[in-house]
Structures are given as structure tokens and as C-alpha cells.
Amino acid sequence: MKLLVTGSGGQLGNGWQRSLKDHSSIDYVALNREALDICDEASIAKALDSYKPDVCVNTAAYTQVDKAETQTEEAYRGNVLGPKLLAETCAVRGIQLVHYSTDYVFSGKLTDREIFEDGYPEDAPTNPVNNYGATKLEGEQAVLKALPSALVLRVSWLCGLDGTNFVKAIINRAKTLGELKVVNDQFGVPSFVPDVVEQSLFLIQYKQSGLFHLGSDGCTSWYNFAKKIVEYAQLDVPVEAVGSSAFPTVAKRPHFSKLATKRLNDLGMPIHSWEIGCKTLVSALNDE
Ligand SMILES: NC(=O)c1ccc[n+]([C@@H]2O[C@H](COP(=O)([O-])OP(=O)(O)OC[C@H]3O[C@@H](n4cnc5c(N)ncnc54)[C@H](OP(=O)(O)O)[C@@H]3O)[C@@H](O)[C@H]2O)c1
């Protein structure tokens, strides 16, 4: 099998490359924006025709949640136009497309925590609270319209070795500030990059299509997540729980965004607890 990974310089794009080094039966090429711009049809066609992959894995996206409120054109291009062009270009060539989306497609009301005790299933009603989520939702729909056999994979609170993420930020702040204040009224579950890659590969290999939720088992708050990071990193710093109002953001954030992974688990893919994923990442960061 030959894979082409877009957005090679990003957190998930880098994670795909790290994991694929351990899969000797998979041939792959990973391209950055310069080599494949998902918003440029000619650039997509050139890369697909030159590398002739069986599967295109799109990790490229516009991911700046707060800036997406004002950079609406850029957010639309990266999250709707680009994925649509990729799906259309893959469709005419018979190439499978794997595309990533987000927990931010849901409204994230705290009351949903009681309705969806195990997290939002794939078919739960969507209603994004910010423009980033709205563009990601429109992107999902555009991909599945152009290529109904595509895989659209939603992930939440993504953390890995590369780029910027919550685990790295907490460790850095704990070391530099010596104390932490973290919100305790937003609930969800982290997805760890190596798990996301293995879960994606499982779905590719079992020729699945449509919407799936990926990630970890369990549900937590950012506050409890931070406490575990500090514990696993053996950093002796106090962590104070605060409400979301202590950290005002330009774009609204969901209060509940746990994704249920039952659909994936029912196919036979084991889902690890978020604590195991957290411990593994903290230890890997320590070894870097
Ligand atoms: N991070 C999270 O917490 C999170 C949560 C839920 C879902 N997701 C989703 O997971 C996926 C991966 O996210 P991530 O954290 O890996 O994002 P990331 O680190 O921001 O990486 C995104 C990559 O996409 C590239 N890119 C942007 N526009 C492009 C274009 N037109 N053509 C080609 N490349 C382009 C960026 O390149 P430049 O550096 O050149 O801009 C960057 O390398 C995205 O679909 C995201 O929406 C992420």
C-alpha cells in the first residue's frame, strides 16, 4: 500500500511520519504545503499523478481556532475548499481519501454530558459554537459529497511529540512558572497522535468509509488532564482549578466534547484509556 500524507510539517503530519517508519510494508511520501497545496487543484493533481498513492491522508488544515473568527476566508480555504478539491481530485483517480475533523463540530453544551454519557456518537446532531468548527463541519460534508467512500475521522484535544499542544504547554509552564491555573469546566478526552495513526490505519486496512470518532477511552477536564501530566512528569507544582471565565478567548469553546469511539471499538480496535496515552507521551517527551 502506498500513502501520500499532506501537511507533513504539522503535529499530525509529523506523527504519521514517525509511525510509518515502523510499518515497513507501507510505502509513503509526506508533503508540505510547498509540495502540495490543498487549495491549489493543479498542485494536488501534480502530486497525485507523480506519486500515484492508493490512499491520500489529509492532515493539512487551518487550525487557528481564535483567528478563524476573523480570518474567515483563510479558514474557509483551508478547511472547506482544500478538502473539497482533494476529495474531487482523489475521486476521479480512484484514490481513497482520509480526512480529519474535530470535536468542535458539536455544540458542546454541558447538558449534553448527561444526554451522551459515553460521548457524542458519530450521528449526534452537530451545531458548532465557533467559525473553526463551522468550517471543519462544512469540510466534512464537502469531502463526503465528492467522495462518499472517504474516511472522515474526528479527533479531539490532539497531543503528540510534534508542534504545540496541551501536554507540552503544561510541562513548559510548570517548569517556567512553578504553578498552574487550569480550567475545570470544560470536559472531553485527549487523542494521542500515535493512537490516531494506528486507528486510522486499522480503518484503512479494513476498507471502512464514512464518519468515525477516534481517540482515547474516558472523559476528563483540562484541569484533571493537567494534574496527570504534572504527576507523570514528576513536577512538583500546584495546579489550581479555575472557571473558563478566567481565560477569555476570542472564539467560544465547547464545555463538553467527548467523542464516543464505540463505532471503531465495535470493529475490533482496542481503545486505550487517556491516562495510558498521557503517560506514554510524557515519557516519550522526556526521552526526546
Ligand atoms: N490540534 C488539535 O487539538 C486538533 C483537535 C481536533 C482536530 N484536529 C484536526 O486534526 C488535523 C491535524 O491537526 P494538527 O494539530 O496536526 O494541525 P497543525 O499542527 O496546525 O498542522 C496543520 C498543517 O497543515 C498545513 N497546511 C495548512 N494549509 C495548508 C494548505 N493549503 N496546503 C497544505 N498544507 C497546509 C500547515 O502548514 P503551514 O505550517 O505551512 O501552515 C500545517 O503544517 C486537522 O484536521 C485539525 O483540524 C486538531
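**Overall build**

Please keep in mind that this is a predicted model. The protein's secondary structure amounts to 10 helices and 12 strands. Its radius of gyration is 18 Å, close to the 19 Å that the globule rule gives for 288 residues, so the protein is as compact as a globular protein of that length. Along the principal axes, the C-alpha atoms fill a box of roughly 55 × 40 × 35 Å. Of the 288 residues, 45% are buried. Counting contacts between residues at least 6 apart in sequence, 82% join residues at least 24 apart.

**The sheet and its helix**

Six strands make an open sheet with parallel pairing, in the order β2-β1-β3-β4-β5-β10. At the edges stand β2 (27–30) and β10 (210–213); each has a single partner strand, so one side of each is left without a neighbour in the sheet. From one strand to the next, the twist averages 20°.

Strand β1 (residues 2–6) runs parallel to β2, and 4 bridges join the two. Within this pair, L3 stands opposite Y28 in β2. Helix α1 packs on the sheet, where it touches β1, β2, β3 (55–58) and β4, and its direction makes about 155° with that of β2.

**Around the ligand**

Helix α1 turns up again here. Which element gives the most to the shell around the ligand? That is α1, with 3 residues. The elements that each supply at least two residues of the shell are α1 (11–20), α3 (72–93) and β4 (96–102). There are 26 residues around the ligand, and G7, G10, L12, A60 and L158 come nearest.

W157 has a positive phi of about 45°, and phi of Q234 is near 55°. The table shows where each one sits.

| Residue | Phi | Loop |
|---|---|---|
| W157 | about 45° | between β5 (151–155) and β6 (158–159) |

Notes: Residues are numbered from 1 along each chain as its sequence is written. This is a predicted model: local features need pLDDT of at least 70, side-chain atom pairs count only at pLDDT 80 or more; totals for chains, interfaces and linings use all residues. The radius of gyration is taken over C-alpha atoms; the globule rule is 2.2 Å times the number of residues to the power 0.38. A residue is buried if 20 or more other C-beta atoms lie within 10 Å of its own, exposed if 12 or fewer, and partly exposed in between; C-beta atoms are placed from the backbone. Two residues are in contact if their C-beta atoms, placed from the backbone, lie within 7 Å. A residue is near a molecule or strand if its C-beta atom, placed from the backbone, lies within 6 Å of it. Two strands pair if DSSP finds at least two bridges between them. Axes are lines fitted to C-alpha atoms, for helices over the stretch in contact, and angles run from 0 to 180 degrees between N-to-C directions.
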